[in-house]
Amino acid sequence: MIHRQIRLFLEYLDAERKFSRHTLLSYEQDLQQFLSFLQSTKIHSLNEVDRPLLRSFLGSLVEQGYRRKSIARKIAALRSFFRYLKKSNHLRTNPTLNLLAPRPQKTLPVYVDEEAIQNLLETMKEQDGTPHRDYALLELLYGTGIRVGELVSLNCDDVDLIDRSIKVMGKGSKQRIVPLGRKAFEALKSFVAIRRSEMGKENPPLFVGQQGERISPRVVHRIVSRAISRIADIEKKSPHVLRHSFATHMLNRGAELRAVKELLGHESLSTTQVYTHVSMERLKKAYKQAHPKA
């Protein structure tokens, strides 16, 4: 019964709310984890779920070592799930009302130095053994700041070589146009020509795997992680590091915050403002190193 309710909820998020595939997968994993907890406590109906039980679930997450951000996301999934059940008359009450989420730890986005990324991309471009796909993929991620989910969903026709831009389907199925810089444009111009010659079908996926299928986020993560390992000794090496680097470098060079917000596809300006903190930390560091009275 609970399995079916979870499935109906996910179908609702997909069809009605237009949630991204990545968010749907995260919600499904969170709710399946909650279901496993219910089964371990001999709970067989969601009508038996109350606030003390939810607190016990959150306590078990803390004991397992989950970070505040992950716990907050799981609470958001539960709130959305129970709100849906109450609204659709599957439950009499919503036990997640007034359920407090832990305050997320404030961490600055991890990014890579501008010169290091430029050196990496130039080196990859000059190496004959570098696949055209990997070089074009990295230039596009760094040159536009798009998300990995947005990248893997691109088709060849989403690249406008005349207008020098790409058409991106962002979160909530919201479409935006992102301009291509010179380096990204040059990399894509030759790569799209190769892709069209390889594929006979109309409007093929832009990036594909070894079997000719649309590239997966996991493969993109592997490509980016391998590339970042060459230039930076940082723990986090995901595609989001390139997105953070794009935004940070844009602001460092004087771009307006609202322009960066539109390029990143953020809903709120407050989400983009975290990058101003990164730039400020850089300025403070430069000041301390250079000023005699620092």
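# Briefing on the predicted model

Isoleucine 166 stands opposite valine 178 in β3, where a strand is a DSSP run of E with at least two residues, a helix is a DSSP run of H or I with at least four, and both are numbered from the N terminus. The model is predicted: local features need pLDDT of at least 70, side-chain atom pairs count only at pLDDT 80 or more, and totals for chains, interfaces and linings use all residues. Residues are numbered from 1 along each chain as its sequence is written, and side-chain values use heavy atoms, with hydrogens and water left out.

**The chain as a whole**

- The protein chain contains 13 helices and 3 strands.
- Its C-alpha trace spans about 65 × 60 × 30 Å along the principal axes.
- Of the 294 residues in the protein chain, 41% are buried (under 20% relative accessible area; exposed is over 50% and partly exposed lies in between, with a 1.4 Å probe and protein chains only).
- Among contacts (heavy atoms within 4.5 Å) between residues at least 6 apart in sequence, 60% join residues at least 24 apart.

**The sheet**

- The 3 strands form an open, antiparallel sheet in the order β1-β2-β3; two strands pair if DSSP finds at least two bridges between them.
- Strands β1 and β3 stand at the edges with a single partner strand each, so one side of each has no neighbour in the sheet.
- Strand β1 (residues 159–160) is joined to strand β2 (residues 165–169) by 2 bridges, and the two run antiparallel.
- Aspartate 160 stands opposite serine 165 in β2.
- The hairpin of β1 and β2 has 4 residues between the strands, and arginine 164 in its turn has a positive phi of about 55 degrees.
- Strand β2 also pairs with strand β3 (residues 175–179), in the antiparallel sense and over 5 bridges.
- Valine 168 stands opposite arginine 176 in β3.
- In the hairpin of β2 and β3, 5 residues lie between the strands, and glycine 172 takes a positive phi near 70 degrees.

**Helices α9 and α10**

- The axes of helix α9 (residues 217–229) and helix α10 (residues 239–252) come within 8 Å and cross at roughly 65 degrees; axes are lines fitted to C-alpha atoms, for helices over the stretch in contact, and angles run from 0 to 180 degrees between N-to-C directions.
- Helix α9 contributes Val220, His221, Val224 and Ile228 to the contact, and helix α10 contributes Pro239, Val241 and Leu242.
- By class, this contact has 6 nonpolar, 1 polar and no charged residues (Ala, Val, Leu, Ile, Met, Phe, Trp, Tyr, Cys and Pro count as nonpolar, Asp, Glu, Lys and Arg as charged, and the others, Gly among them, as polar).
- Serine 245 is found in helix α10 and is buried, with a relative accessible area of 0%.
- Leaving aside residues up to four places away in sequence, serine 245 touches Tyr111, Val112, Ile117 and Tyr142.

**The largest cavity**

- The structure holds 1 cavity of 30 Å³ or more; on a 1 Å grid over the protein atoms alone, a cavity is a set of points where a 1.4 Å probe fits but cannot get out, a pocket is an open set with protein on both sides within 12 Å along at least five of seven lines, and lining residues have an atom within 4 Å of a point.
- The largest cavity has about 40 Å³ of space; grid points are joined across faces, edges and corners, and a volume is the space filled by probe spheres set on the points.
- Ile117, Leu120, Leu121, Leu138, Tyr142, Ala227, Ile228 and Leu242 line the largest cavity.
- Helices α5 (114–126), α6 (132–144) and α9 each give two or more residues to this lining, and α5 has the largest share, with 3 residues.
- The lining of the largest cavity consists of 8 nonpolar, no polar and no charged residues.

**The second largest pocket**

- The second largest pocket has a volume of about 340 Å³.
- It is lined by 18 residues, of which Gln118, Tyr142, Gly143, Gly181 and Phe246 are the closest to its centre.
- Two or more lining residues come from each of α5, α6, β3, α8 (182–198) and α10.
- Helix α6 provides the largest share of this lining, 4 residues.
- The lining of the second largest pocket divides into 8 nonpolar, 5 polar and 5 charged residues.

**Glycine 149**

- Glycine 149 lies in helix α7 (residues 148–152) and is partly exposed, with a relative accessible area of 39%.
- Glycine 149 and phenylalanine 34 are 115 residues apart in sequence and 26 Å apart in space, C-alpha to C-alpha.
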